[in-house]
Amino acid sequence: MTQQGAPARRTNPFAAVARADGPALDVPEYQAGFDRDHAICPEPMWKLERAQHFYEPDVASWRAMMDGDWERSLALTERMAATVADYFRHRVPVRRVRVVEFPITPYLQWEMHVLALRARAGSPCRVVPAERVAGLDPMPELVIFSPSLMYEVLYDRYGGGMGGRRITDPAIVGPCLRTVQQLFAEGENVLDFHEREIVPLPPPQVTDEMRAALPAYAHRTEEFRV
């Protein structure tokens, strides 16, 4: 991992994403497009995650964490191993950049266990501290399939998925892809970060404010999502 400290100095290609043309897709449309594009993608797919709070109602281990049952959450995460490994046997690798702020949020503490499991299944992730990308904020949440195809993933104020925008302008997608690849090269292997920073933590503290949004996310599809 590159030395931590001052923010990385680079031009910010992400500033153009909000101005890019691209149809806004609702959740079913986005998921269908994502699945279609991932199934035929010949190159590794890239993901950029910046937000520190998301809602994952389709994942049983996340719901257990939100219920305050951390031991069950970890057990349910481990049960995902076979499904995740099987998925990545039939898809190109997903290379993820995960920006991390301290102190670690409850969501991020949970997600890091999932990302470590995914890394062991063939979906590598690199961790980048937030101070290293301060010059790139506000960063969008991105899924990039090629230099001319990416999705900006959209979320509500709680971090619940709202769908995405499909962007195909190479002048916008290409620079975003190169920057995500550079961040990946600079980052720390999630397995090392997980062992050092996450495993020693006590169970996350889920607040009443976090639980207040749960009725809006009451669906239970139990689908595995990349």
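Two strands count as paired if DSSP finds at least two bridges between them. Strands (E, at least two residues) and helices (H or I, at least four) are DSSP runs, numbered from the N terminus. In this predicted model, eight strands form an open sheet with mixed pairing, in the order 1-7-6-5-2-3-4-8. Strand 1 (24-25) and strand 8 (188-189) are the edges; each has a single partner strand, so one side of each lacks a neighbour in the sheet.

**Basis**
- Residues are numbered from 1 along each chain as its sequence is written, and side-chain values use heavy atoms, without hydrogens and water.
- Local features need pLDDT of at least 70, and side-chain atom pairs count only at pLDDT 80 or more, while totals for chains, interfaces and linings use all residues.

- Strand 3 and strand 4 pair in the parallel sense over five bridges.
- The chain runs from strand 3 through helix 5 to strand 4 in a right-handed β-α-β crossover (clockwise from the first strand over the helix to the second, with the strands pointing away from the viewer).
- Val100 has Pro129 in strand 4 as its bridge partner.
- Strand 4 pairs with strand 8 in the antiparallel sense over two bridges, and Val127 stands opposite Glu188.
- Four of the five residues of strand 4 are buried (under 20% relative accessible area, 1.4 Å probe, protein chains only; exposed is over 50%, partly exposed in between).

**Strands 5 and 6**
- Strand 5 (residues 141-146) and strand 6 (residues 149-155) pair in the antiparallel sense over five bridges.
- Glu141 has Val153 as its bridge partner.

**Pro13**
- Pro13 lies in the segment before strand 1 and is buried, at 12% relative accessible area.
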